[in-house]
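Please examine the sequence and the structure shown below.

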2 protein chains.
Amino acid sequence: MKKFVNDPANFVKEMFEGIYLANKDKLKWVPEYNILYRADLPKDKVVVMQGSGSGHEPAHSMVVGPGMLDACCPGNIFAAPPMDYVYECTKLIANDKGVLHLINNYQGDRMAWDMAREMAEADGIKIGVVIIDDDVSVTNSLYTVGRRGVAGNFFVIKAVGAAAAKGKSLEELVALGEKVNKNVRSMGIALSSCTPPAKGAPIFDIGDDEIEIGIGIHGEPGRRRDKIRSASEIIEEVFTAVHDDIPFQKGDRVAIMVNGMGGTPISELYLLYGLAAKKAEAKGLTIVKNYVGNYCTSLEMQGFSLTLLKLDSEIESLLNEPAEIPIRVF
Amino acid sequence: MKKFVNDPANFVKEMFEGIYLANKDKLKWVPEYNILYRADLPKDKVVVMQGSGSGHEPAHSMVVGPGMLDACCPGNIFAAPPMDYVYECTKLIANDKGVLHLINNYQGDRMAWDMAREMAEADGIKIGVVIIDDDVSVTNSLYTVGRRGVAGNFFVIKAVGAAAAKGKSLEELVALGEKVNKNVRSMGIALSSCTPPAKGAPIFDIGDDEIEIGIGIHGEPGRRRDKIRSASEIIEEVFTAVHDDIPFQKGDRVAIMVNGMGGTPISELYLLYGLAAKKAEAKGLTIVKNYVGNYCTSLEMQGFSLTLLKLDSEIESLLNEPAEIPIRVF
């Protein structure tokens, strides 16, 4: 295993320390529960939190900030957060307006968040829940009953984060989050596997000429294994699968995301974006916003996912609201 | 070769098309010369341009926008732009205030930009030149006489881009760019090689337990090949090499960048940042700004570089100026 790591058992803790040290003015850190939260934690609005497994950075630990998450509490690499992480995080940030739990649909996450919610509600904390399941690849999967939650998650965070900042109620935010989730679809392709530090070996094997179509973000099998094909052929299949699922319709206004899985050059992501944008145009869709880069990764996996979000005036307006997160560009 | 690519010969063109389509409202594109330039190209200030090889994205093609580059004209993957790309780009954006050429120190680049500058000057265009050579790894290298220009380049772009927007003269910008270059030092480490699409094979071989210390961004040899070691040991060596080169001194205010080489998980970059930040603190440096992510890459190479920039009040103030570039986060 070749990675920049010290003791693999401390990998997540040392990553969190790095995020914290890079954002000491904006974030607070509770090491024992992997909690990162806003230093300027608001008391006068619903607070929004998330935390699936680590290893998907920048999801979710690097999107805590005004207009996005108020806190996160991820688990270990590719592992749901333990129930007490979720409970402690919920208690830490709770206020009278309530706490919104954004949960990606995996069995381990659902169980941990359900139990933590019950405990927090017993403490008198008001909780709302949105389940995210945007991955069209498979109906059920290795770690899910129902569809998986993948990169579409970012649009849910962005929309409810912006709406929460504007003072929407917990009930309104749950309805909004469910609407965004209902309007968003994703599918991913892997060229390579990835190696969690503590495991020290790839999570699956894949041949030198093979790709996995419909990969999950923890390496779960997709629709099938295939031979490598041209970028255009790959976009044709992925775009069609995502597009036809809702289905999107001519005249729809959309946001589109080409998400890198961690190890894909940004040059290839933009090449894929160009192909996807032309497909969208041919289908009569109007791309209002686009996102190209690493949003929801699987460590160093080479691959990408395509996400389409159907916009209405409310969602479109919320996507244009400001957000301030630790990921810094120039 | 497993990549998201159609005809490898068209890789760069298709990438540029993707960047353009993702930013049609902000950029214009001249396919025959790989030129991307601001749609709102200013006529009342010095214009700033750059273009080394492609394959280092987001450098340089994804940082064209207000407060950064006004235009770029990169060559093919890891190849200097042909002289006529530079000449055509210079002519296209030139105005009475002058054109600033930011050139990374590689022989191919130096030759192409020198010839293009002479031609443009013969046309009556006023040109200023800043050479960037921040890499402390080696004295001369495979493609350079003198040091190589690597990720420190971003700080030069940011500072002169902001100062140009404030109306500084060409002479002032050249002096500023040279000052930033004099104050910035970098060094990189590779865990893996990378594969240019048109070559179809890795640019160098590296063993399963080996790392290259002082790697160049085109895979040029560094100081030595070594066995993989802990992240802390690696940071100790890289930080010391960079720190001791100027040398930085106790009390210095600095900006620090942990730059991913393209295939490194962002989790590892933040882990490395945490270690580097603690080293900086132990040396008595004050980190005023930090940058963690992919800035100057080598396709899908796994590796990172560390950059330290010594700040004075002028540079620090310029780093805080706004910039607007195609790379979009939430």
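In which sense do strand 10 and strand 12 of chain B pair, and over how many bridges? Strand 10 (residues 253-260) and strand 12 (residues 303-310) of chain B pair in the antiparallel sense over seven bridges. The model is predicted, so local features need pLDDT of at least 70 and side-chain atom pairs count only at pLDDT 80 or more, whereas totals for chains, interfaces and linings use all residues. Residues are numbered from 1 along each chain as its sequence is written, chains are lettered from A and ligands numbered from 1 in the order in which they are written, and side-chain values use heavy atoms, with hydrogens and water left out.

**Terms**
- Helices (H or I, at least four residues) and strands (E, at least two) are DSSP runs, numbered from the N terminus.
- Two strands pair if DSSP finds at least two bridges between them.

**The six-stranded sheet**
- In chain B, six strands form an open sheet in the order 9-8-7-12-10-11, with mixed pairing.
- Strand 9 (224-227) and strand 11 (286-293) of chain B are the edge strands, each pairing on one side only.
- Within strand 12 of chain B, Lys310(B) stands opposite Val254(B).

**Helix 5 on the strands**
- Helix 5 (residues 170-183) of chain B lies across strand 7 and strand 12 of chain B.

**The hairpin**
- Strand 1 (residues 27-30) and strand 2 (residues 35-38) of chain B run antiparallel and are joined by four bridges.
- Lys28(B) stands opposite Tyr37(B) in strand 2 of chain B.
- These two strands form a hairpin with four residues between them, and Asn34(B) in the turn has a positive phi of about 55°.

Definitions and conventions. Contact = heavy atoms within 4.5 Å. Axes fitted to C-alpha atoms, helices over the stretch in contact; angles between N-to-C directions.
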